[in-house]
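Please consult the sequence and structure shown here before reading on.

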Amino acid sequence: VTGVQTCALPISDTDGSVRLCCVSDEYVYKSTGEKYNLGYDKVEDVINSNNMKQIRQDMLDGKSISGCKKCYDAENSNGISYRKQYIHLWKDDESLLRKYNQSLNGDIDPTVEYYDLRYGNLCNLSCRSCYSGASSQFDKDIRELQSTTNIMKFHGPNDKDLNSWYETTIFSHNLNSQLKNLKEYYTTGGEPTLNDKNFEIITKMIETGDSKHCILKFNTNLTNTKKDFYSTFQHFNNVVFMCSVDGYGPMQEYLRYPSKWDMIASNLDKLIDMKLNNIKIIITPVIQKTNLGYITDLFEYVENYNKKHNRLLISMSPIILADPSYLSLLYLPTAYKIKCWEKIEDWINHNCKYQDKVFHLRMNQVKAKCYEETDYKENLKNYFEFTDIFDNHRNQNIQILNPELSALRVW
């Protein structure tokens, strides 16, 4: 059944190139070695390309797929993986099961049930865990820093045209020809609420009536509240509203600069006040070195909403950062990690009432990394070097924000 997920392509990178899935680092390639691109290649050709047919066959043969390594690692850490989540989600879907059976002989129906799109890098934030290809503001920072700091050791500026591919006639064909088949439409950053093309497609889905059979799913930084965008929610079968928030108060403002906590809190309240029954709200904090010791502040803030309403109003689905590795919580002194985990565990045992299975499985992954011994010293030096560059650029200070972590700088 693992082949079912690859029947639900395509997933785009911010330049339009097609990835194997949303968490995979592997792309779908032509026989010439070029990446397929949704702006310049027909989706039918991508779905039944030699590369995709080989991947489907390898799955049928029970072989490990190199592009699935992140999910395999998550499963080995006693946590839930996106691979298993989507297998569970799609395993009883008739159209995908039909494709699965077709894949036994090669080609499958070139229909798209799930689109996962990243429309360029237009974004109003410059998050520390981001990169130039996903944020125009982060790219701006890198360009300002490259001549006076050692930032190029960690990041380079974007040198691609990221915002033309989704304006082509081929891309219009790839979307418009599949609207009637779509069961889920997901967009992320850049910041999807800022992109005119994204709003155009969502509006078209409403006009054609295809929104009625489709789940609208997107990941937003919760700093933008365009009324026109929010007004579309009521027309969709369901809306999954995922909020990229990495901490409470100063921690959020530090990691997702230049966001303001008061605006985020206000926007979350406005969303809740809409009282739409078809919306599921999920907070998706990226857990890393900087916020590991303070993530319970955000957990408590979110869970207080649930306690106030006596139900699971807001879910939390933490993301455990792996790349860039110098931000990964894995590469910290074990004693510090265990201390942070004990704080988290205490909160889970005494304050966590409403969170679901996904939250607890993700926290199992955090626990596993906290107890894993690593050779962390060089990695931690890189972390502080990277952190100092941005602290100086933004007039921020890790020592004030997280003195316990800052105290680990012993050289």
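Leu 222, Val 245, Trp 261, Ile 264, Ala 265, Leu 268, Ile 283, Leu 298, Tyr 301 and Val 302 form the lining of the second largest cavity. A cavity is a set of points, on a 1 Å grid over the protein atoms alone, where a 1.4 Å probe fits but cannot get out, and a lining residue has an atom within 4 Å of a point. The model is predicted, with pLDDT of at least 70 required for local features and 80 or more for side-chain atom pairs, whereas totals for chains, interfaces and linings use all residues. Residues are numbered from 1 along each chain as its sequence is written, and side-chain values use heavy atoms, without hydrogens or water.

The volume of this second largest cavity is about 50 Å³, a volume being the space filled by probe spheres set on grid points joined across faces, edges and corners. Its lining comprises 10 nonpolar, no polar and no charged residues; Ala, Val, Leu, Ile, Met, Phe, Trp, Tyr, Cys and Pro count as nonpolar, Asp, Glu, Lys and Arg as charged, and the others, Gly among them, as polar. Helix 12 provides the largest share of this lining, 4 residues. Helices (H or I, at least four residues) and strands (E, at least two) are DSSP runs numbered from the N terminus.

Attention now turns to an open space. The second largest pocket holds about 370 Å³, a pocket being an open set with protein on both sides within 12 Å along at least five of seven lines. Among its 17 lining residues, Ile 272, Lys 275, Ile 281, Arg 311 and Leu 313 are the closest to its centre. Helix 12 (261-273), strand 7 (279-283) and helix 13 (295-309) each give two or more residues to this pocket lining. In the pocket lining, 8 residues are nonpolar, 3 polar and 6 charged.
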